[in-house]
Amino acid sequence: MPFQQGLLATPVPAHARFLFFAIQAPEALSAALDALLPEVDGCDVMLGIGAPLAKALGCAVEGLRPFPQLDAVVENPSTQHALWLWLRGEQRGDLYLRAQALEQLLSPALRLVDSVEGFLHQGGRDLTGYEDGTENPSDEDAVEAAIVAGDSAGLAGSSFAAFQLWKHDLNYFKALPQPEQDDIIGRRLSDNEELEDAPASAHVKRTAQESYQPEAFMVRRSVSWADDRGAGLAFVALGHSLDAFEVQLRRMSGLEDGIIDALYRFSRPLTGGYYWCPPMSEGGLDLRLLLQD
């Protein structure tokens, strides 16, 4: 299936850079996207389209919507941007230089408003020390969960991504007794085994993908991050729709049964955005739904 291969490729490279753009000159958007197409190979550079960009181009992508404003006790900020670029690689310097070139390429149509530098920590552990993405589907199950099926031209082979930048209070978390840390996550740090007697608020219990009706499977491709804002997890979830992520976020926030995910005891999302990752074709990125004649 012609999806952006980097979305599901493993192993995850050592470094990532996430770039977020706002519209600055609407009249220059089509030309900027045309110039961007050769730079997006779907492996080392991946593209996500936000609802503001689709709207500015007068187009509709079935299933794409802005990040929701949830009426919950805990905050899940919506910081929806127009365009998202996800750069992956083994060399931090290469990503920096490529990001700089892409920012210049998209100007003046789009303005860079946020940049997040991600990195692989201990082979895929969160900065808390716990493994991330343990329950991820793999192989064909990952494709089924993350990629739009069917034969709809311009839509089949695409994916929907949710991005949140979670900031951890690591000093608070690491000062807790180990059993309390394990109860928050729902797994033992020592062997990554799920706790049979974990509290109802444990993160693993709140987000068990098979416990939803319908089941809420998605593929997580998160990495750690650290900058002058703090440190934590750059959370990326991929689905054939945005529904699986959204029902999980609602349950985590206590909107389903009043139980708030214990993750919020030491971590808070700073950002939130939804993006449509177009499919690939033989000629490269397939943007026919956006760049219609």
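R92 forms a salt bridge with E117, with the closest N and O atoms 2.4 Å apart; a salt bridge here is a side-chain nitrogen of Lys or Arg within 4 Å of a carboxyl oxygen of Asp or Glu. R92 lies in helix 3 (residues 92–106) and E117 in strand 4, so the pair ties together parts 25 residues apart in sequence. Helices (H or I, at least four residues) and strands (E, at least two) are DSSP runs, numbered from the N terminus.

This is a predicted model: local features need pLDDT of at least 70, side-chain atom pairs count only at pLDDT 80 or more, and totals for chains, interfaces and linings use all residues. Residues are numbered from 1 along each chain as its sequence is written, and side-chain values use heavy atoms, leaving out hydrogens and water.

By this rule there are 15 salt bridges. The table gives three of them.

| Pair | Closest N and O atoms |
|---|---|
| R92 and E117 | 2.4 Å |
| D243 and R65 | 3.0 Å |
| E117 and R17 | 3.8 Å |

Shared partners join R17, R92 and E117 into one network. Relative accessible area (1.4 Å probe, protein chains only) sorts residues into buried, under 20%, exposed, over 50%, and partly exposed in between. R92 is exposed at 51%, E117 is partly exposed at 24%, and R17 is buried at 14%.

D243 in helix 8 (residues 243–252) pairs with R65 in the loop between helix 2 (51–56) and strand 3 (83–89), so parts 178 residues apart in sequence are tied together.
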